[in-house]
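The following exercises are to be worked with the sequence and the structure in view.

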Amino acid sequence: MFADRVLSGMRPTGNLHLGHYHGVLKNWVEMQHQYECLFFVADWHALTTHYDSPQIIEQNVWDMVIDWLAAGVDPSQATLFIQSRVPEHAELNLLLSMITPLGWLERVPTYKDQQEKLTSKDLTTYGFLGYPLLMSADILIYRSTKVPVGEDQVPHLEFTRELARRFNHMYGREPGFEEKAEAAVKKLGGKKAKLYIELRTRFQQQGDGEALESAKSLLDEQQSLSLGDRERLFGYLEGGGKMILSEPQAMLTAASKMPGLDGQKMSKSYGNTISLREDEVEVGKKIKTMPTDPARIRRTDTGNPDKCPVWQLHLVYSSEDTKQWVQKGCRSAGIGCIECKQPVIAAVLEEQKPMRERAQLYLDDPSLVRNIIADGCEKARKLAGETMRDVREAMGLGYS
Ligand code: TRP
Ligand code: SF4
């Protein structure tokens, strides 16, 4: 059992490239060994901006999952699923919408920013305004504790935490809370139950902060508690109700420093990308036609790597020896640019090789990918269903 649950989503709006690999995907691959991880295709989120071109989304969903697998995301470690196949997200989105003040949504900075940036699209829609709310539902429905996101998404995480707090405040006192909490204490077992009660009393009667911390770490160590009981016991400690929705923390993914073919950051909108599984011949062509130090016109001109986008790629891919060879050779006109690019081409192909091989498996047998996603969706729905039971009950919808 992991103490933390990581959730992250990606919108299927385009081809993944090496910038995504060096930024997000490597990070996912690392985290899958450290945490319980859920990764999903945010196809509904893609529709908020691409509602007029759904074919783009359809095309990219499966390609994107293959890219994840190619990059080393391992379905035996992480749960992979598609948002729209877990309709509980929509139900939570709807229920949370009842308590979401319009002003909170209007004030999220991405709302106005994106409307101003994507002027070719009409984003004055209810769906687009609700983007952060849907994202909150994605996160809260799994009681995720850690959410890896880029800097631009941090306001959405803050929004999510505020919404969770509001929800807990409004609905946190489940009927029979005291009895349920007391029953949960018993489940801790004699000694630990006694210690828990002692610590709780010390905190509640004497305001002893250390006792509170000790009690919390005692709970953290209990592996066999159900999530519901865990939260009851945390709530019972501090005298509040049950925390039905838990507040997630953002894990900031360092902004990708991966340079593109022109020296700017690699990005679809700059048209300077190498895609994750780009055809080998195409990789060679793209790098061979990269611009170099503009002052180096003839082979006999000396150059300055600091003014050359190819050098940026050497910084990512090359050994110290190779980098010294570039520095010396470029500044003395000892090497030509074509020569200088060879090790970069080789390194990119080398990096992509295992990705191409892993992808081939799935391209040869698409049913493998379908099955991975079907399994993931089933697991996700089970987890989501547990939260929804609590949420419905808390909101007075638990009719029996
Ligand atoms: N909004 C995120 C992005 O554009 C994608 C996303 C949707 C997401 N739901 C999420 C990320 C939940 C993390 C958690 O990058
Ligand atoms: Fe750039 Fe290399 Fe040519 Fe120098 S030798 S200008 S670093 S490509």
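**Exercise 1: Ala333**

At 14% relative accessibility, Ala333 counts as buried, since buried means under 20% relative accessible area. The model is a predicted one.

Solution. Step three: most residues other than glycine have a negative phi.

**Exercise 2: Arg143**

Task: Determine which loop holds Arg143 and whether to class Arg143 as buried or exposed.

Solution. Step one: the loop is the one between H8 and S4. Step two: the relative accessibility of Arg143 is 6%, so Arg143 counts as buried. Step three: Arg143, a residue other than glycine, also has a positive phi, near 50°.

**Exercise 3: Ser8**

Task: Describe the surroundings of Ser8.

Solution. Step one: Ser8 belongs to strand S1. Step two: Ser8 is classed as buried because its relative accessibility is 6%. Step three: leaving aside residues up to four places away in sequence, Ser8 touches Trp28, Leu38, Phe39, Phe40 and Pro148. Step four: with Pro148 there is a polar contact, in which the backbone oxygen of Pro148 lies 2.9 Å from a polar atom of the Ser8 side chain.

**Exercise 4: the shell around ligand 1**

Task: State which elements supply at least two residues each of the shell around ligand 1, and which residues come nearest.

Solution. Step one: the elements are strand S1 (5–10), helix H8 (131–140) and strand S4 (146–149). Step two: H8 gives the largest share, four residues. Step three: by class, the shell divides into seven nonpolar, four polar and two charged residues. Step four: of the 13 residues around the ligand, His45, Tyr131, Met135, Asp138 and Gln153 come nearest. Step five: side-chain N or O atoms approach a nitrogen atom of ligand 1 to 2.6 Å in the case of Tyr131 and 2.8 Å in the case of Gln153, while a polar side-chain atom of Asp138 lies 2.7 Å from a nitrogen atom of the ligand. Step six: ligand 1 taken alone exposes 370 Å², of which the protein buries 88%.

Conventions
Residues numbered from 1 in each chain as written. Chains lettered and ligands numbered in written order. Predicted model: local features only at pLDDT ≥ 70, side-chain atom pairs only at ≥ 80, totals over all residues. Heavy atoms only, no water. Near = heavy atom within 4 Å. Polar contact = N/O pair within 3.5 Å; in protein donor to acceptor, adjacent residues only side chain to side chain. Areas by Shrake-Rupley, 256 points an atom, 1.4 Å probe, with all protein chains shown as cover. Nonpolar A, V, L, I, M, F, W, Y, C, P; charged D, E, K, R; others polar. Buried < 20%, exposed > 50% of the residue type's maximum accessible area, 1.4 Å probe, protein only. Contact = heavy atoms within 4.5 Å.
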